[in-house]
Amino acid sequence: MRTRSRTPIRLGLVILATIWMVVIVPLSAAAAPYAALVMDARSGKVLHARNADTRLHPASLTKMMTLYVVFEAIENGEISLDTQVRISKHAASEPPSKLGLKAGQQIRLRYLIRGAAIKSANDAATAIAEAVEGSEAKFARRMNRTAKAMGMTRTTFKNAHGLTESGHLSTARDMTVLGRHLFYDYPEYYNLFSRLTADAGVRTVSHTNARLLKSYKGADGIKTGYTRAAGFNLTASAERNGERIIATVFGGRSTASRNAKVAELLDLGFKRAPRRVALHKPQKPAYMGKIQGGTTAIASAAPAEKAPDGHYGKTVRLASAAAVKTSLRPQLRPGAEPQPVALAEKDDIDKAVLAAQQVALAASQQAQPTAKPAARPKDLVLASASPAASVEKSAVDEAVLAAVREPAPDPVQEVVTRISTSGGRYWGINVGRYPSEYKARKVLLTVALNEMSTLDGSLRKVVKRKGGFDANFMGMTQESADLACRRLQAKQVTCFTIGPG
């Protein structure tokens, strides 16, 4: 009788234990703290906040900063989209989500970027970190420097992928700030975050948040994240009728409930945001990456300015990649908001400038209609023709891209001959000293495109000095050199004339 009476009790205990393991434990693990923030991306005004400054686990929202730093490294010539990255054992051993990279294999950086942004691959994120800084630890320190420069005051990164680690914490506010910087600081890369699928080299990957992108009108990114400690996180952005809202959620209970909450918050944002508001872009943080010799580079950050055509961000920032201690030349002051610069190979820069000059001169003289921009290769990281692209490209920009990717017969010798036979052209101007020849050439290209009227016919010349590479325009008259410098200085670009001899 005793045996029979205990059997139901034991059975009941087993059932309760099973319920505890199957239901209660997972629910408690998923019950990460909730936090949210909604921001008008145009002005930076917060429209809704709840626990927005509570430090929580960001999970793969971390990869937004990983991608921001690699975009910065590409922009400053540290690495290129086509750099072949060798996968380390450490990167290959990262847990899912992953691309399945093998130790020792080589893969282009562009594919790692796609894998990290779209698939949220942890092995790709670690490989990016090692490619840029040599180790994930060094990369994390750079992530923290960049975060601090952005004003992300309550964020500390310990790794590049976002897997749970002690001290690796952020907030809904900081992640929203980061998402806004991604949109405005690197618009040429932004539509990467709206791709539903992409070729990641080893395989085709699908977006981790395709459901929201497909179901919510105007949604075009940005990044999902999940770990047991973090819950289901998401920073999302959407644009409707010229209004752009960014919303961040931490601690969602499931993908479906998180998406529903984000959609609700985006709706709230569009409802509360004014129809028209002055555009106030975030200030791009100073460049603090690597330069030759291992010295930390520091460049001026520039506030947004409105160009004569009424658009924002059409003037290119011209800032030195590093402070030159041995030079008495004035330091660069904040200039205009940057415009995406073509990632041209060094040998094609002269071709790009000359092609752009021809387009600009033809347009100014109205001698012939502007040529239709050449199509860009499909294997670029971004498809600029996507509706998500936020920066208009002028005819000059398109000519540069077309010339870089479709090399024409080299006409550089013609320029040199014209200069050498022009009487009185013994003057020049200097527009800065830079840590690499590539950087100096890139600045010369940018200046030439923005000052064609005064620099047409001059020779772009890079001179190696003890402290770096001087970017000079030579073969000018004294009057034209003075005029060019005055125009550049009016745009807050450092410039001084170089006399004969």
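Analyst: The open sheet has 4 strands, in the order β11-β12-β10-β13, and the pairing is antiparallel. The model is a predicted one. Start at the edges. They are β11 (459-465) and β13 (496-498), and each of these strands pairs on one side only. From one strand to the next, the twist averages 35°.

What holds strands side by side? Strands of a sheet pair through backbone hydrogen bonds, and the pairing can be parallel or antiparallel.

Now look at one pair in detail. Strand β10 covers residues 427-434, and strand β12 covers residues 468-476. These two pair in the antiparallel sense over 5 bridges.

Next come the helices. Helix α14 (residues 437-450) packs on the sheet. It touches β10, β11 and β12. The direction of α14 makes about 35° with that of β12. Helix α16 (residues 478-490) also packs on the sheet. Its contacts are with β10, β12 and β13. The direction of α16 makes about 35° with that of β10.

Finally, look at the nonpolar cores. The largest has 63 residues, and M65, F71, L109, L112 and I113 touch the most other members. Helix α2 (residues 63-75) gives the most to this core, with 9 residues. A second, separate core has 20 residues, including I429, V431, Y434 and L455. Check the numbering of strand β10, residues 427-434, as you locate them.

Technical notes. Residues are numbered from 1 along each chain as its sequence is written. This is a predicted model: local features need pLDDT of at least 70, side-chain atom pairs count only at pLDDT 80 or more; totals for chains, interfaces and linings use all residues. Side-chain values use heavy atoms; hydrogens and water are left out. A nonpolar core is a set of buried Ala, Val, Leu, Ile, Met, Phe, Trp, Tyr and Cys residues joined through side-chain atoms within 4.5 Å. Buried means under 20% relative accessible area, exposed over 50%, partly exposed in between (1.4 Å probe, protein chains only). Two strands pair if DSSP finds at least two bridges between them. Axes are lines fitted to C-alpha atoms, for helices over the stretch in contact, and angles run from 0 to 180 degrees between N-to-C directions. Contact means heavy atoms within 4.5 Å.
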